[in-house]
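Please have a look at the sequence and the structure first, and then I will go through the details.

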Amino acid sequence: MEPSPKKPNIGSSNLPVVLGLVGPRYSSDIDSVNPFLRSKLQGKIQLVTYEEALQRASTSPINGILTMIHPSITPKLIKSLDPTGSSLKIVANVGVGVDHIDLEGMKKMGVAVTNTPDVLTDTTADMTWALLMACARRIVECNDYCRNGQFRVYKDMILPGSDVHHKTLGVIGMGRIGEAIAKRGTGFDMNILYHNRSRKETAEKTLGAKYVSLEELLREVGKFKIAILIVIVFRIATSILAGLFFLLSFLNRVILLF
């Protein structure tokens, strides 16, 4: 008869102990966890800080890690929190990207890794569009102008900003978020150009987007007095590329949204 698997040590409270890590320096501001989420977790897990997790490592190690804002998760960190390797079962990332987690190391240690794909795609696209509209229509500048008491009487063409409709929208990086942003552009009758590592034929058919090379996209954007360039760049971005974008924004009044 085989022995039953060893149950993880979940501490004196009889609740699974979860470390909440926020940011790259292992800060553990548990209050940054959404209050609604905390209320749902109450009575189900015991949230602890990084310092608390280290103190209890030799007696009652943590059972899980909740990560936010990309703290680095490595085998070295795991061993410091669970020296025997018998308690920690999962690293749950609040977000899509898991490049801050050593996936191969976690696999070798038998630690599961989860993420939350696609939950913020439309939310991020909404925020990007809000920034786009605010830049084009000079919303923040107008707000400051009024709050500072500078608006006394109507003047023709004061802070008019620029129309967004019927402009050219350039998207560099047509992933889930880039495609969601392009979709919003169709509601403004925009000419949508995009560059991606591979063509997105579905987006071309449904959104009327046109695939172009990076050079052609920048050249087409440069033809317009006002254009809008959405740059969805993460790991593929380079300082040279960013410098080129800023140069274009200065010379051609391109609205850049990173």
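Let me begin with a definition: a crossover is called right-handed if, with the strands pointing away from the viewer, the path from the first strand over the helix to the second runs clockwise. In this predicted model, that description applies to strand β3, helix α3, which covers residues 75-81, and strand β4, which together make a right-handed β-α-β unit.

Before going further into that unit, some figures for the chain as a whole. It contains 10 helices and 10 strands, and of its 258 residues, 38% are buried. If we take the contacts between residues at least 6 apart in sequence, 62% of them join residues at least 24 apart. The chain exposes about 15,700 Å², and carbon and sulfur atoms supply 57% of that area.

Now to β3 itself, residues 64-68, and the question of how many of its residues are buried. The count is 5 of the 5, so the strand is largely enclosed by the rest of the structure. As a reminder, in a regular strand the side chains alternate between the two faces of the sheet. Here G64, L66 and M68 point one way from β3, while I65 and T67 point the other way, and the residues of both sets are buried.

Which strands does β3 pair with? On one hand there is β1, residues 17-22, which runs parallel to β3 and is joined to it by 5 bridges; within that pairing, L21 stands opposite T67, and V22 stands opposite M68. On the other hand there is β4, residues 90-93, which pairs with β3 in the parallel sense over 4 bridges, with V91 in β4 as the bridge partner of I65.

If we then move on to β1, we find that this strand is mostly covered as well, with 6 of its 6 residues buried. V17, L19 and L21 point one way from β1, whereas V18, G20 and V22 point the other way, and again both sets are buried.

Methods. Residues numbered from 1 in each chain as written. Predicted model: local features only at pLDDT ≥ 70, side-chain atom pairs only at ≥ 80, totals over all residues. Heavy atoms only, no water. Buried < 20%, exposed > 50% of the residue type's maximum accessible area, 1.4 Å probe, protein only. Helix = DSSP H or I, 4+ residues; strand = E, 2+ residues; numbered from the N terminus. Pairing = 2+ DSSP bridges. Contact = heavy atoms within 4.5 Å. Areas by Shrake-Rupley, 256 points an atom, 1.4 Å probe, with all protein chains shown as cover.
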